[in-house]
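Subject: Structure handover

Hello,

Here is the structure I promised to pass on to you. Have a look at it first, and then read my notes below.

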Amino acid sequence: FYLVLLLRPPNAPEFPKDELDSLGEGHMANIRRLHDEGKLLKAGPTEDHSGRDVRGIFILTTNSLETAQKWVGTDPLIQKGRLVAEYMKWYVQKGSLK
(Lines give C-alpha, C1' and ligand atoms only; values in the text may rest on other atoms or scores of the structure.)
Protein backbone atom coordinates (compact mmCIF):
# COMPACT_ATOMS: atom_id res chain seq x y z
CA PHE A 1 0.00 0.00 0.00
CA TYR A 2 0.92 3.65 -0.30
CA LEU A 3 -0.14 6.06 2.41
CA VAL A 4 -0.55 9.54 0.96
CA LEU A 5 -0.71 12.64 3.13
CA LEU A 6 -2.61 15.51 1.54
CA LEU A 7 -1.22 18.82 2.76
CA ARG A 8 -2.23 22.43 2.20
CA PRO A 9 0.98 24.18 1.14
CA PRO A 10 1.76 27.60 2.64
CA ASN A 11 1.56 29.13 -0.85
CA ALA A 12 -1.72 27.42 -1.84
CA PRO A 13 -3.56 29.45 -4.47
CA GLU A 14 -6.78 31.18 -3.45
CA PHE A 15 -9.94 30.68 -5.49
CA PRO A 16 -13.42 32.20 -5.37
CA LYS A 17 -15.89 30.22 -3.26
CA ASP A 18 -17.80 28.87 -6.26
CA GLU A 19 -14.58 27.54 -7.81
CA LEU A 20 -13.47 26.03 -4.48
CA ASP A 21 -16.85 24.34 -4.18
CA SER A 22 -16.47 22.93 -7.69
CA LEU A 23 -12.92 21.72 -6.95
CA GLY A 24 -14.17 20.08 -3.75
CA GLU A 25 -16.92 18.29 -5.66
CA GLY A 26 -14.34 17.10 -8.20
CA HIS A 27 -12.08 15.95 -5.37
CA MET A 28 -14.88 13.84 -3.88
CA ALA A 29 -15.88 12.46 -7.29
CA ASN A 30 -12.26 11.48 -7.91
CA ILE A 31 -12.10 9.72 -4.54
CA ARG A 32 -15.26 7.75 -5.37
CA ARG A 33 -13.90 6.82 -8.81
CA LEU A 34 -10.54 5.63 -7.44
CA HIS A 35 -12.37 3.59 -4.79
CA ASP A 36 -14.79 2.09 -7.33
CA GLU A 37 -11.81 1.10 -9.51
CA GLY A 38 -10.19 -0.70 -6.55
CA LYS A 39 -7.25 1.73 -6.41
CA LEU A 40 -8.17 3.51 -3.19
CA LEU A 41 -8.71 1.44 -0.05
CA LYS A 42 -9.60 4.32 2.29
CA ALA A 43 -9.58 8.10 2.31
CA GLY A 44 -10.63 10.76 4.72
CA PRO A 45 -9.96 14.12 6.31
CA THR A 46 -7.62 14.50 9.26
CA GLU A 47 -7.44 16.67 12.33
CA ASP A 48 -3.80 17.68 12.19
CA HIS A 49 -1.94 18.44 15.40
CA SER A 50 1.51 18.46 13.78
CA GLY A 51 1.38 22.04 12.49
CA ARG A 52 1.98 20.80 8.94
CA ASP A 53 -1.61 21.43 7.74
CA VAL A 54 -2.30 17.82 6.76
CA ARG A 55 -5.84 17.88 5.38
CA GLY A 56 -6.42 14.20 4.65
CA ILE A 57 -5.03 10.81 3.74
CA PHE A 58 -5.38 8.28 0.97
CA ILE A 59 -4.48 4.60 1.31
CA LEU A 60 -3.75 3.35 -2.19
CA THR A 61 -3.63 -0.30 -3.25
CA THR A 62 -0.34 -0.27 -5.14
CA ASN A 63 3.29 -1.03 -4.38
CA SER A 64 4.54 1.44 -7.01
CA LEU A 65 5.37 5.05 -6.20
CA GLU A 66 4.93 6.01 -9.84
CA THR A 67 1.45 4.48 -9.94
CA ALA A 68 0.46 6.18 -6.68
CA GLN A 69 1.63 9.54 -8.07
CA LYS A 70 -0.31 8.97 -11.27
CA TRP A 71 -3.53 8.14 -9.39
CA VAL A 72 -3.19 11.07 -6.97
CA GLY A 73 -2.38 13.35 -9.91
CA THR A 74 -5.96 12.91 -11.16
CA ASP A 75 -7.28 14.89 -8.16
CA PRO A 76 -8.40 18.43 -9.12
CA LEU A 77 -7.15 19.93 -5.82
CA ILE A 78 -3.70 18.47 -6.51
CA GLN A 79 -3.79 19.66 -10.12
CA LYS A 80 -4.61 23.23 -9.02
CA GLY A 81 -1.94 23.28 -6.28
CA ARG A 82 -4.47 23.65 -3.46
CA LEU A 83 -3.15 20.37 -1.99
CA VAL A 84 0.23 18.66 -2.30
CA ALA A 85 0.93 14.99 -1.67
CA GLU A 86 3.56 13.21 0.37
CA TYR A 87 4.01 9.50 -0.25
CA MET A 88 4.99 6.70 2.12
CA LYS A 89 5.12 3.02 1.29
CA TRP A 90 3.16 1.24 4.00
CA TYR A 91 3.89 -2.36 4.92
CA VAL A 92 1.03 -4.19 6.62
CA GLN A 93 0.34 -7.87 7.13
CA LYS A 94 -1.30 -9.34 4.05
CA GLY A 95 -5.06 -9.64 4.51
CA SER A 96 -5.13 -7.46 7.63
CA LEU A 97 -6.91 -4.56 5.89
CA LYS A 98 -10.36 -4.98 4.44
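Let me start with a pair of side chains: Asp-75 and His-27 are joined by a polar contact of 2.6 Å (a pair of N or O atoms within 3.5 Å, where one must be able to donate a hydrogen and the other to accept it, and residues adjacent in sequence count only if both atoms are side-chain atoms). Asp-75 sits in the loop between helix H2 (65–72) and helix H3 (76–79); helices (H or I, at least four residues) and strands (E, at least two) are DSSP runs numbered from the N terminus. Asp-75 is buried but has no salt bridge, and Arg-33, the nearest side chain of opposite charge, is 8.3 Å away. Buried means under 20% relative accessible area, exposed over 50%, and partly exposed in between, with a 1.4 Å probe and protein chains only. Lys and Arg count as positive and Asp and Glu as negative, while His and the chain ends are not counted.

A word on the model: it is predicted, so local features need pLDDT of at least 70 and side-chain atom pairs pLDDT 80 or more, while totals for chains, interfaces and linings use all residues. Residues are numbered from 1 along each chain as its sequence is written, and side-chain values use heavy atoms, with hydrogens and water left out.

Now the salt bridges, of which the structure holds six; each is a side-chain nitrogen of Lys or Arg within 4 Å of a carboxyl oxygen of Asp or Glu.

- Asp-21 pairs with Lys-17, with the closest N and O atoms 2.8 Å apart. They are four residues apart in helix H1, which means a separation of about one helical turn. Lys-17 counts as exposed because its relative accessibility is 60%.
- Arg-52 meets Glu-86 at 2.5 Å, N to O. Arg-52 lies in the loop between S2 and S3 and Glu-86 in strand S4 (residues 84–89), so the pair ties together parts 34 residues apart in sequence.
- Arg-55 pairs with Asp-53, the closest N and O atoms being 2.8 Å apart.

Most residues other than glycine have a negative phi. Asp-53 counts as partly exposed, because its relative accessibility is 31%.

Happy exploring!
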